[in-house]
Amino acid sequence: MESQPNNPLHGVKLASIVDFLVDHYGWEELGERIRINCFRSNPTVKSSLKFLRRTPWAREKVENLYLRTIKK
C-alpha cells in the first residue's frame, strides 16, 4: 500500500465518516448541513452508505464536511 501523506482521507472508511458525523451532529442537523434525502427521510447508516457509495457528488459533500469538522 502506498503512503499518501497529502490525502487526509487515506485509510478512513466511509462508514467511519458517517458514524462520526452522526455522533457529532445527529441526523437532523446533518440533514440541514447536507441537504440530501438519505439524511432527512428515515435515515440509517446502512441506507446512507448505499446512497453515498453510488453518488459521487454527495460523497464529496460528506467528506468535505468531515474534513471541516475534524479541523475545528
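Is E63 buried or exposed? I looked it up and found E63 buried, at a relative accessible area of 19%. Buried here means under 20% relative accessible area, exposed over 50%, and partly exposed in between, with a 1.4 Å probe and protein chains only.

**Ground rules.** I am working from a predicted model, in which local features need pLDDT of at least 70, side-chain atom pairs count only at pLDDT 80 or more, and totals for chains, interfaces and linings use all residues. Residues are numbered from 1 along each chain as its sequence is written, and side-chain values use heavy atoms, with hydrogens and water left out.

**Entry on E63 and helix 4.** I placed E63 in helix 4. Helices are DSSP runs of H or I with at least four residues, strands are runs of E with at least two, and both are numbered from the N terminus. Leaving aside neighbours within four places in sequence, I found E63 in contact with L9 and I17; contact means heavy atoms within 4.5 Å. I then listed the buried residues of helix 4: A58, V62, E63, L65, Y66, L67 and T69. They pack against helix 1, helix 2 and helix 3. I also checked the length of helix 4: its 16 residues should span 22 Å at 1.5 Å a residue, and the end C-alpha atoms are 23 Å apart, which agrees. The expected span is 1.5 Å times one less than the number of residues.

**Entry on helix 1.** I found a bend of about 95° at G26. The bend is the angle between axes fitted to the seven residues ending at a residue and the seven starting there. The buried residues of helix 1 are L14, I17, V18, L21, V22, Y25, L30 and G31. Their cover includes helix 2 (37-40), helix 3 (45-54) and helix 4 (56-71).

**Entry on Y25.** I noted Y25 of helix 1 as buried, with a relative accessible area of 11%. Not counting residues up to four places away in sequence, Y25 touches L30, R33, L65, T69 and K72. Y25 and T69 are 44 residues apart along the chain, and their C-alpha atoms are separated by 9.9 Å.

**Entry on helix 1 against helix 4.** I read a packing angle of about 95° with the axes 10 Å apart. Axes are lines fitted to C-alpha atoms, for helices over the stretch in contact, and angles run from 0 to 180 degrees between N-to-C directions. Helix 1 is therefore roughly perpendicular to helix 4, a label for angles of 65 to 115 degrees; under 35 is roughly parallel, over 145 roughly antiparallel, and the rest oblique. By class, I have 10 nonpolar, 2 polar and 3 charged residues in this contact. Ala, Val, Leu, Ile, Met, Phe, Trp, Tyr, Cys and Pro count as nonpolar, Asp, Glu, Lys and Arg as charged, and the others, Gly among them, as polar.

**Entry on helix 3.** I read about 115° between helix 3 and helix 4, with axes 5 Å apart, so helix 3 is roughly perpendicular to helix 4. F51, L52, R53 and R54 of helix 3 meet P56, W57, A58, R59 and V62 of helix 4. I looked up S48, also in helix 3, and found a relative accessible area of 0%, hence buried. S48 touches W27, C38 and F39, not counting residues up to four places away in sequence.
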